[in-house]
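Student: I would like to learn how to read the features of a model like this one, step by step. Could we look at it together?

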Amino acid sequence: MSRHPAQCGFTLVEVLVALSIVAIALTAGTQATLSLTRNAERQSDVLLAHVCAENEMVRARLSRQMPGVGDTRTDCEQAGHIFAVAVSVRPTPNPNFRRIDAEVFNGDSPVLKLSTVVGQF
């Protein structure tokens, strides 16, 4: 009687299935990492944009006169990034107060918008 030797190892189909599972897991891990990186960059941009908007608000509060109604646009550099800040001053029903909106842009995309009301000293 002849005996068949025991076969050791994996078949080609088993190897391909294992490689497919590993490829799917690596793709999911890469996408998760990219999502976390984008979120961290967005959070950094929002923090820096908040500083730029707050600077404009403080400038208006520290001024000794009421800000004039109208729109202005300035650049703000924070941590090597240059943001555009659009400041809009609008009248309120009470003539002793003005509403100030500061919107910060990174390129053409808006990052943050802050609003406040300043009064006459």
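Student: Is L12 buried or exposed?

Tutor: Please keep in mind that this is a predicted model. A residue counts as exposed when its relative accessible area is over 50%, and L12 is exposed because its value is 64%. L12 has its place in helix α1, which covers residues 12-62.

Student: Which residues form a nonpolar patch on the surface together with L12?

Tutor: The other members of that patch are F10, V15, L16 and L19, and with L12 they have about 560 Å² of accessible area together.

Student: How many residues does the largest nonpolar core have, and which elements give two or more residues to it?

Tutor: The largest nonpolar core has 18 residues, and those with the most contacts inside it are C52, A53, V85, I100, V104 and L112. Two or more residues each come from α1, β2 (81-91), β3 (97-106) and β4 (109-119), with α1 giving the largest share, six residues.

Student: What does I100 touch?

Tutor: Leaving aside residues up to four places away in sequence, I100 touches M57, A60, P67, V87, S88, V89, L114, S115, T116 and V118.

Student: What is the phi of A79, and where is A79 placed?

Tutor: As a general idea, most residues other than glycine have a negative phi. The phi of A79 is near 55°, a positive value in a residue other than glycine, and A79 lies in the loop between β1 (70-78) and β2. A79 is also exposed, because its relative accessible area is 65%.

Methods
Residues numbered from 1 in each chain as written. Predicted model: local features only at pLDDT ≥ 70, side-chain atom pairs only at ≥ 80, totals over all residues. Heavy atoms only, no water. Patch = residues over 30% accessible without salt bridge, like charges linked within 9 Å, V, L, I, M, F, W, Y side chains within 5 Å. Areas by Shrake-Rupley, 256 points an atom, 1.4 Å probe, with all protein chains shown as cover. Salt bridge = Lys/Arg side-chain N within 4 Å of Asp/Glu carboxyl O. Helix = DSSP H or I, 4+ residues; strand = E, 2+ residues; numbered from the N terminus. Buried < 20%, exposed > 50% of the residue type's maximum accessible area, 1.4 Å probe, protein only. Core = buried A, V, L, I, M, F, W, Y, C linked by side-chain atoms within 4.5 Å. Contact = heavy atoms within 4.5 Å.
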